[in-house]
Amino acid sequence: MGENRSTIGNWQFKAADESDWLPAQVPGCVHTDLLRNGRIPDPFYGTNEGDLQWIDKKDWEYTSQFDVSADVLANTHVEMVFAGLDTYADVYLNNQLILSANNMFRTWRADVKALLKATGNVLRVYFRSPIQEDLLKLEKLGYALPATNDQSERGGLGDKRVSVFARKAPYHYGWDWGPRFVTSGIWRDVWLEAWSGARMTDFFIQQDDVKHSRAKLTAVLAVEVDEDFAGTIQIRTDGADVSQAVELRTGINRVEVNIVLENPALWWSRGLGEQALYTFTATLLRGAHEVAHQSTRTGLRSLRLVREKDADGTSFYFELNGVPVFAKGANHIPNDSFLTEVTYERYQHEIVTAVESNMNMLRVWGGGIYEDDAFYDLCDEYGILVWQDFMFACSMYPGDEPFLENVRLEAQENVTRLRNHPCIALWCGNNEIDTAWSQYDENAGWGWKQQYSPEIRAKIWADYEAIFHRILPEVIERLAPGAAYWPSSPMQGLTHDKHQHARNDSTSGDIHYWGVWHAVEPFANYNVYLGRFMSEYGFQSFPELKTVQTYADAADMALESDVMRWHQRSGDGNRLIKEYMDIYFKQPKDFSSFLYMSQVLQAEAIKMAMEAHRRKKPFCMGTLYWQMNDCWPVASWSSMDYYGRWKALQYYAKKSFRDVSVSIGGTDDLVEVHVISDILDATVGTLSMRVFDFAGHRLYERVESVSVPGNTASVVYAAPVSTFVGNHAASDVVLVVTLEQDGEVVDAKEHYFVPANQISLQMPTITVREVGGSGGSTFVLDTDILAKNVWISSEEDGIFSDNYFDLIPGVAKTVQFLQRPSGENRFRPASAGTISVHSMAEFIQQ
């Protein structure tokens with residue numbers, strides 16, 4: 001009785017039209033296997049990507065020979081299970097077709113008991129080219145569907161965009177930050193699953209009513225038996241031990257067991273409380289004999305999306321255990337173009353970075369994948385809420401019945417897989433499609449709908465509604481009752497009129513504000529376009545020189561070189577960075593200086609947005625910038641590059657997202673000092689406002705007592721600019737605002753009275769002293785004159801407790817170098833090795 005799993009290994013692969021088999025790694029893909037065998041160059045280097053587009057036009061085969069133990073063969077049932085096949089695959093066991101796959105987001109199973117033998121089994125997986133497969137679907141449909149980010153021209157297909165026909169990660173076909181590598185392969189584990197008598201195939205803890213005093217739960221189990229069965233189901237966890245008699249019929253049975261936990265330990269997002277997690281174990285018993293069991297882990301919490309009419313429009317915020325949560329974080333994309341290169345350690349680095357940066361939410365964006373279990377486990381453990389998109393983005397999709405059924409099964413499986421994770425805050429149908437099409441506003445949208453006849457246009461929208469207004473919400477309602485569903489991001493609400501579609505000035509729903517960047521609007525517009533939840537906005541930068549050197553030679557170090565343009569997928573992205581830099585900054589003296597200044601430019605832009613959103617609390621209750629990470633080394637909107645190196649923006653996010661934060665706003669003539677609190681206790685302390693000249697002389701000081709209620713934002717002091725500047729030149733002074741509570745600095749921010757390109761910067765002399773006994777991890781920095789945007793680089797890879805900060809004479813700064821040792825769950829002090837210290841004055845033309 002029970003279940004037995006054995007992994008299938010010993011893989012080889014080849015092109016279908018070739019005869020030589022090569023060693024393969026499973027999980028993996030054709031591109032990584034070709035690279036490991038020396039058959040292709042590094043796909044990320046230079047312009048190599050362009051030379052590798054032949055790979056997705058070919059069919060590929062994988063094979064494994066394996067033996068099966070007597071223990072496995074003795075079972076009544078034996079299934080071959082593929083957790084991930086990418087994407088169009090026919091699978092043969094001992095020359096018999098056992099399944100055909102057409103969706104990389106689904107698990108594929110086949111009963112193979114009758115085909116197995118003790119020795120010499122041959123498993124063969126034949127992958128059909130996703131390009132050739134879907135060109136036929138495009139031809140059959142008779143018209144093209146919009147797919148803005150499908151880089152078909154780069155793939156040699158002209159304007160034939162076929163990505164929409166495959167249930168495959170959309171970003172594989174290219175995006176405006178990512179390359180075009182349309183992969184094939186076995187991208188998740190393969191195993192034999194053997195069982196006899198009974199097994200549990202699903203275990204869901206449905207949270208019916210969770211309060212601080214009591215949690216009412218329903219354990220929902222899927223139990224499969226191969227004959228009628230009478231016995232007992234026992235559910236155990238901390239604080240509960242419940243048994244229930246069951247009568248099971250041959251096949252799959254749904255069993256529900258009610259559980260009540262008194263005074264449960266609740267799960268909280270980071271910053272609000274502990275991440276209490278419960279492990280539930282279900283055991284099926286016949287008498288005293290265990291027949292089958294399964295365990296699952298969850299956190300107990302009440303979590304809902306609150307959309308209620310108010311004086312300003314309609315709210316949009318998450319309420320956790322009765323507490324309104326201001327969401328702080330970023331959009332997450334897959335960590336690699338080749339998914340099996342993403343290790344647990346890379347996931348952990350990202351999530352620990354989010355925690356270190358005072359975030360509490362990541363959005364799993366709809367052009368990637370439903371992430372590995374490890375990603376959600378880490379979010380559970382660290383208290384990072386997840387806005388989870390379904391995998392649809394910036395495209396219209398077909399609506400034939402086989403496609404819709406495939407989508408339904410994909411949604412059903414992934415909702416079932418992820419619904420026990422307490423981190424899941426929202427299921428979202430798609431990225432940007434509602435606003436791109438704008439069905440109910442003829443003058444809005446991206447110009448898609450106007451390309452079609454009325455008949456085709458009506459068909460495309462009906463197909464859209466079938467997926468996002470019918471199939472997906474039905475799956476959520478049935479399989480994750482109580483979970484929030486939002487049809488498309490951004491949108492105002494499902495109103496079926498022109499008020500459905502999001503605008504930059506919407507006062508309902510969520511907003512993607514891209515006026516800054518795509519429309520070259522001024523940074524100041526981040527203070528103008530403030531919605532109820534800012535789920536996307538962003539600004540680009542280059543990675544640091546160390547990263548650029550992994551894909552470019554010295555001869556390529558120029559903004560318009562072929563390699564720099566190849567590693568910039570946002571059209572005129574490099575020109576836009578330079579155009580904004582010309583507006584706001586002084587000229588960089590060379591290309592490496594441009595790299596540094598691009599990061600500071602990005603950080604300053606997004607800081608303005610993050611803090612404007614937080615100051616607008618509770619009208620605005622979320623700020624998720626685009627984007628957290630990269631899938632290859634590239635110039636992009638990320639705050640952390642492909643190698644996990646923090647850009648300036650990551651350090652700025654850490655400071656701007658502090659749970660209790662100072663933010664300085666106002667107008668050209670008025671300074672407003674805000675204190676923003678995301679904690680539940682009041683903040684009572686002192687606010688000091690000091691003005692310095694760039695030699696460190698204190699020109700003005702004012703100290704105020706402040707008391708700020710928990711979970712609020714308020715202006716605690718306001719005064720005319722002239723109060724601070726006095727008779728001094730505005731370009732020669734800086735305001736430093738510090739909030740202290742119980743003698744500890746809670747936050748400190750600098751404010752300049754002129755734009756960055758008008759600040760009088762001279763070359764500072766920065767002294768660095770290593771703190772004795774710190775093991776080379778802790779340093780004290782001083783300067784003789786203002787040092788703007790001090791960047792500390794280190795010999796070792798890691799982060800600093802602060803970086804890209806302003807250093808004022810007489811105000812010493814202590815920083816620590818931190819690494820995340822293998823297996824550790826947080827950054828810890830470590831030796832930085834040799835460090836070097838730079839500031840803005842070093843990089844500009846004097």
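The largest cavity in this structure has about 160 Å³ of space in it. That comes from a predicted model, so to speak a computed picture of the chain.

**Cavities**

- In total, the structure holds 5 cavities of 30 Å³ or more.
- The largest cavity is lined by 16 residues, and the ones closest to its centre are E544, W791, I792, S794 and G798.
- Two elements give two or more residues each to that lining: β44, covering 787–794, and β45, covering 799–800.
- The top contributor is β44, which gives 4 residues to the lining of the largest cavity.
- Sorted by class, the lining of the largest cavity comes out as 7 nonpolar, 4 polar and 5 charged residues.

**A strand hairpin**

- Strand β35 takes in residues 660–666, and it is mostly covered, with 6 of its 7 residues buried.
- Its partner is strand β36, residues 670–677; the two run antiparallel and are joined by 7 bridges.
- Together β35 and β36 make a hairpin, with 3 residues between them.

**Cysteines**

- A disulfide is a covalent bond between the sulfur atoms of two cysteines.
- Searching the whole structure turns up 0 disulfides.
- Take C423, which is in no disulfide: the nearest cysteine sulfur belongs to C379 and sits 5.0 Å away, while the cut-off for a disulfide is 2.5 Å.
- C423 counts as buried because its relative accessibility is 0%, and the cut-off for buried is under 20%.
- C620 is in no disulfide either, and for this residue the nearest cysteine sulfur, that of C428, is 17 Å away.
- With a relative accessible area of 0%, C620 is buried too.

**Q846**

- You'll find Q846 in the segment after α17, the helix spanning 840–843.
- Q846 is exposed, since its relative accessible area is 65% and the cut-off for exposed is over 50%.
- Setting aside neighbours within four places in sequence, Q846 is in contact with L761 and A841.
- Q846 and K589 are 257 residues apart along the chain, yet their C-alpha atoms are separated by 8.4 Å.

Definitions and conventions:
Residues are numbered from 1 along each chain as its sequence is written. This is a predicted model: local features need pLDDT of at least 70, side-chain atom pairs count only at pLDDT 80 or more; totals for chains, interfaces and linings use all residues. Side-chain values use heavy atoms; hydrogens and water are left out. On a 1 Å grid over the protein atoms alone, a cavity is a set of points where a 1.4 Å probe fits but cannot get out, and a pocket is an open set with protein on both sides within 12 Å along at least five of seven lines; lining residues have an atom within 4 Å of a point. Grid points are joined across faces, edges and corners, and a volume is the space filled by probe spheres set on the points. Ala, Val, Leu, Ile, Met, Phe, Trp, Tyr, Cys and Pro count as nonpolar, Asp, Glu, Lys and Arg as charged, and the others, Gly among them, as polar. Buried means under 20% relative accessible area, exposed over 50%, partly exposed in between (1.4 Å probe, protein chains only). Two strands pair if DSSP finds at least two bridges between them. Contact means heavy atoms within 4.5 Å.
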